[in-house]
Amino acid sequence: MPASKRLHVGVQYACLANELPQKPQVRTWARAAIDVDGKRRGQITVRFVDADEARRLNRDYRHRDYATNVLSFPYAREPVVCGDLVLCAPVVAREAAEQGKPLEAHYAHLIVHGLLHLQGYDHETSARQAAEMESRERRVLHALGYPDPYAMEV
């Protein structure tokens with residue numbers, strides 16, 4: 001893929017769910033989370049799916065047989081960030097309700113979280129990496145006007 005000076009974000013709706021984020025909103029969150037060499041560059045697809053598709057992808061690619069909230073599929077980090085994010089709408093909605101979080105804020109958090117994974121952040125590698133990733137998530141979400149997602153946990 002030739003180096004691009006822009007961030008391209010495709011949004012796919014592969015499920016019927018209430019209150020899915022609109023494309024402009026998703027693109028705003030993605031732009032806030034992507035920063036490569038001081039420039040926002042990349043080719044990202046964000047796909048909203050049902051529990052069956054999320055479970056199948058999680059099983060096939062992570063060998064975990066359950067639907068999870070967000071899956072990140074990184075393809076490249078240089079010269080631009082390329083990858084896919086898959087969000088399971090029913091899981092995201094259930095988590096937001098259980099945690100007492102606004103659904104929009106939870107989607108924003110998970111998209112930022114997934115995009116940081118596409119850039120190489122990994123909270124499962126070490127406590128230091130996890131702290132660095134959470135700090136970055138908090139800064140991005142604060143800049144977007146959302147509360148600290150970790151302070152809101154019930």
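In β4, Pro74 has Gly83 as its bridge partner. This is a predicted model, in which local features need pLDDT of at least 70 and side-chain atom pairs count only at pLDDT 80 or more, while totals for chains, interfaces and linings use all residues. Residues are numbered from 1 along each chain as its sequence is written, and side-chain values use heavy atoms, with hydrogens and water left out. Helices (H or I, at least four residues) and strands (E, at least two) are DSSP runs, numbered from the N terminus.

Strands β3 and β4 (residues 81-88) pair in the antiparallel sense over six bridges; two strands are said to pair if DSSP finds at least two bridges between them. Together β3 and β4 form a hairpin, with four residues between them. Pro79 lies in the loop between these two strands, and a cis peptide bond, with omega about 0 degrees, joins Glu78 to Pro79. In general, most peptide bonds are trans.

## The sheet

The open sheet consists of four strands in the order β1-β2-β4-β3, with mixed pairing. Its edge strands are β1 (7-13) and β3 (70-76), each of which pairs on one side only. On average, neighbouring strands of this sheet are turned by 15 degrees against each other, direction ignored. For such angles, axes are lines fitted to C-alpha atoms, for helices over the stretch in contact, and angles run from 0 to 180 degrees between N-to-C directions.

The pairing of β2 with β4 is parallel and extends over eight bridges. Strand β4 is mostly covered, since seven of its eight residues are buried; buried means under 20% relative accessible area, exposed over 50%, and partly exposed in between (1.4 Å probe, protein chains only).

## Helices on the sheet

Helix α2 (residues 51-62) lies across β2 (42-49), β3 and β4, and runs at about 50 degrees to β3. Helix α3 (residues 89-99) also packs on the sheet, where it touches β2 and β4, and its direction makes about 65 degrees with that of β4. Contact here means heavy atoms within 4.5 Å.

## The largest pocket

The volume of the largest pocket is about 510 Å³. Of the 24 residues that line this pocket, Arg62, Val70, His113, His117 and His123 are the closest to its centre. On a 1 Å grid over the protein atoms alone, a pocket is an open set of points with protein on both sides within 12 Å along at least five of seven lines, whereas a cavity is a set of points where a 1.4 Å probe fits but cannot get out; lining residues have an atom within 4 Å of a point. Grid points are joined across faces, edges and corners, and a volume is the space filled by probe spheres set on the points.

Elements α2, β3, α3 and α4 (103-118) each supply at least two residues of the lining. By class, the lining has eight nonpolar, nine polar and seven charged residues. Ala, Val, Leu, Ile, Met, Phe, Trp, Tyr, Cys and Pro count as nonpolar, Asp, Glu, Lys and Arg as charged, and the others, Gly among them, as polar.

## Exposed positions

Glu124 is located in the loop between α4 and α5 (127-143). Glu124 is exposed, with a relative accessible area of 53%, and touches Arg62 and Arg64, residues up to four places away in sequence not being counted. Pro24, in helix α1 (residues 23-33), is likewise exposed, at a relative accessible area of 55%. Pro24 and Val9 are 15 residues apart in sequence and 9.7 Å apart in space, C-alpha to C-alpha.

Glu19 lies in the loop between β1 and α1 and has a positive phi of about 60 degrees although it is not a glycine. Its relative accessible area of 65% makes Glu19 exposed. His63, in the loop between α2 and β3, also has a positive phi of about 60 degrees without being a glycine. His63 counts as exposed at 68% relative accessibility. Most residues other than glycine have a negative phi.
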